[in-house]
Number of protein chains: 2
Amino acid sequence: MAEVIITGADRQTLGELGEFGLIAELRNWLPPNSRTLVGIGDDAAVLATPDGRVVATTDFLIEGRHFRRDWSSATDVGHKAAARSLADLAAMGAVPSALLVALAGPADLPVSWARELAAGLAAECLRVEGPGASVIGGDTARADSVLLAVTGLGDLEGRAPVRRSGATPGDVVAVAGPLGHAAAGLALLSAGIPDHRLVSAQLRPAPPYDAGPEAAELGASAMIDVSDGLLADLGHIAAASGVLIDLRSAALAPATAPLLAVPAELRHASSTRTGRIPAPSPTTSPQPESPELDAQQRDVLPWVLTGGEDHSFAATFPPGARLPSRWTVIGTVRPAPGKPGPGVVVDGQRWLASGGWDHFTAGQAQQ
Amino acid sequence: MAEVIITGADRQTLGELGEFGLIAELRNWLPPNSRTLVGIGDDAAVLATPDGRVVATTDFLIEGRHFRRDWSSATDVGHKAAARSLADLAAMGAVPSALLVALAGPADLPVSWARELAAGLAAECLRVEGPGASVIGGDTARADSVLLAVTGLGDLEGRAPVRRSGATPGDVVAVAGPLGHAAAGLALLSAGIPDHRLVSAQLRPAPPYDAGPEAAELGASAMIDVSDGLLADLGHIAAASGVLIDLRSAALAPATAPLLAVPAELRHASSTRTGRIPAPSPTTSPQPESPELDAQQRDVLPWVLTGGEDHSFAATFPPGARLPSRWTVIGTVRPAPGKPGPGVVVDGQRWLASGGWDHFTAGQAQQ
């Protein structure tokens, strides 16, 4: 494992260090890897793409919307910013290879904050298998609050990209990684309980990146990372593939277990606290009845179904695919009926296909 | 030339259209090109990189800092946002192939504004030679003001990247594209003269992108795009290469000519109006004396030397390189003396090597 080199004066602000001083420090904090042909400090970076294709994605992480500086340390923000883009790459079946990080912040931001941010970015990159990922470039600017735009670049290693549009009736639906943990962590933070172990799932989601390329090797027909919530994200697959995704809540019972560690009064309120519950369509009920679950499990099921930001992986596989144990089969793909068309049902009840988090119409994530 | 397809209701706001509605519209507004293997709408895009390497860069464009919505139309902002990243790619000797555009804005931003932004991005991409560039992905988020983070991806077509560090004593220094036009345009806007033809250079810089790969083919030893100002950007080459760059202001006389169209009272104030004048070091004079220039030329020389945002190309070439006419030789590369070391001199006078625009220490670009 590469070591994150920490240098630089801690008490300085970015305004004192200056843009070019910051860029020089970032070069020290963010070591290149073997695929970095030109790294931080030139007009652009150059990355080896031996596959002949590059997978590319960009994500914002905006203070007050995606994180709060009083809840998240700079290192947390670095982990989370990296995770959002790395998970998008893995969800295409790619192995992440590089990040470009554009950072804007106030002139009085301590240099130590930027250094810890870089440490978080570098540490999250080290969670990537193989040659690993590293920060190869970016931009800096002054802004009233902190915001990041992180571009991820990845390599398909000769595989076809796993798109949202390939789900086929008869396929099974499976997930790898936690569901609802980040949403439960947000509820705990909002309730003033920052020292609960589920809080770290909100502040530093830890997606199993290698599950993405693994799913591609296993023949996944469609895949997405769960950033907006399981129902919303499977809804994207359903819409792109023109299918109905039929989930069984009994299969999600194991996913509810870790969430029962949340105090009962917060669990009961899960459907109103996450801020990520899709509005039910006229043909749905507001919450699955899930007769196979007990009352406690039903209380936390909305977190499992609609909690975003875990960046776990949801994929569809041809029937008969032999899935490793970390993949849990939670449903099947069926033909979409004529009306209301493609979407997701849970125990036979329909939820909105594209419900869940919408940046322009929904409220703020952490307020 | 591909056609920019314009659809969608004009009077809607982003809040009414919603995040997923906006993404659907963006797919219509931003057509893919032949290298786009997976475009807008999946977890990530996939781009062909036949060279086996990809050149990548990210740049912010922030309202109130890089543009003002009362000065720039949305189409202007699209052109400028694209130009910043496309020029960085060309300055490595690469042919731009794709952009990822992260757009944050207020919920009450009209959909028509986003549509015109997309039209500007697409139109600027059409200025790229060869297979051309297109917008292949991005992100959207809500923010109090408009900000963009644009990632550019490019192809080296088998060439070595042209870095900042390759300038060698004996090389000639040459530029392609206008110098100081964007700064003069900013001064005109600030003075309330928005209908002057130089204003368009500020609102829609039009870099000669093909000059970048051309310079690489001609054997350029170092190259940069002039984003912070000629002296500042040549200073980056001088520092990275460990050389002294020796400019002759007489060679810049032709570059001053278009700037003489600015009203005399603004010309005379050029050194205080651009906001981009590097502080002179203890060993410099505040402004070159430039005895070979007349008084009018001397008045606008600071724009030529320190005006940013033209995104023209400055490169060093081995002695004897036969340069096409759009490249103007403006100086030579010399060994850096022991003290004060690498830097840039104009008519023998030294300016700060890394002077010019600094986002954290300088004032706002357009205030």
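1. Conventions. This is a predicted model, in which local features need pLDDT of at least 70 and side-chain atom pairs count only at pLDDT 80 or more, while totals for chains, interfaces and linings use all residues. Residues are numbered from 1 along each chain as its sequence is written, and chains are lettered from A and ligands numbered from 1 in the order in which they are written.

2. Pairing between the chains. Strand S3 (residues 53-62) of chain A pairs with strand S2 (residues 45-48) of chain B in the antiparallel sense, over four bridges. Strands are DSSP runs of E with at least two residues, helices are runs of H or I with at least four, and both are numbered from the N terminus; two strands count as paired if DSSP finds at least two bridges between them. As background, strands of a sheet pair through backbone hydrogen bonds, either parallel or antiparallel.

3. The mixed sheet. An open sheet of six strands runs in the order S1(A)-S2(A)-S3(B)-S6(B)-S4(B)-S5(B), with mixed pairing. Its edge strands, each of which pairs on one side only, are strand S1 (36-38) of chain A and strand S5 (134-142) of chain B. Neighbouring strands of this sheet are turned by 25° against each other on average, direction ignored, where axes are lines fitted to C-alpha atoms (for helices over the stretch in contact) and angles between N-to-C directions run from 0 to 180 degrees.

4. The parallel part of that sheet. Strand S4 (residues 95-105) of chain B pairs with S5(B) in the parallel sense over eight bridges, and B:Ala102 stands opposite B:Asp139 in S5(B). Helix H4 (residues 111-125) of chain B lies across S4 and S5 of chain B, and its direction is at about 155° to S5(B).

5. The contact between the chains. Chain B gives 56 residues to the contact and chain A gives 57, two residues being in contact if their C-beta atoms, placed from the backbone, lie within 7 Å. On the side of chain B that touches chain A, the largest share, nine residues, comes from strand S3 (residues 53-62) of chain B. That side divides into 30 nonpolar, 13 polar and 13 charged residues, with Ala, Val, Leu, Ile, Met, Phe, Trp, Tyr, Cys and Pro counted as nonpolar, Asp, Glu, Lys and Arg as charged, and the others, Gly among them, as polar.

6. Symmetry. Chain B is superposed on chain A by a rotation of 180° with 0.0 Å of shift along its axis, at an RMSD of 0.0 Å, which is the relation of a two-fold axis. The superposition is by least squares on the C-alpha atoms of residues with pLDDT of at least 70 in both copies. In chain B, the C-alpha nearest the axis is that of B:Gly52, 2.6 Å from it. Because 100% of the interface residues of chain B are also interface residues in chain A, the copies meet through the same surface.

7. Domains of chain A. An automatic or database domain assignment divides chain A into domain 1 (14-155) and domain 2 (164-351), whose C-alpha centres lie 28 Å apart. The contact between them takes 19 residues from domain 1 and 18 residues from domain 2. On the domain 1 side, helix H3 (74-90) and strand S4 (95-105) of chain A are the elements that give two or more residues, and H3(A) gives the most, with nine.

8. Leaving out residues up to four places away in sequence, A:Cys125 touches A:Ala82, A:Leu99, A:Gly132, A:Ala133, A:Ser134 and A:Val135. B:Ala174, in strand S7 (residues 172-176) of chain B, is also buried, with 25 other C-beta atoms within 10 Å. With the same exclusion of residues up to four places away, the contacts of B:Ala174 include B:Phe317, B:Trp327 and B:Ile330.

Technical notes:
Buried ≥ 20, exposed ≤ 12 C-beta atoms within 10 Å, placed from the backbone.
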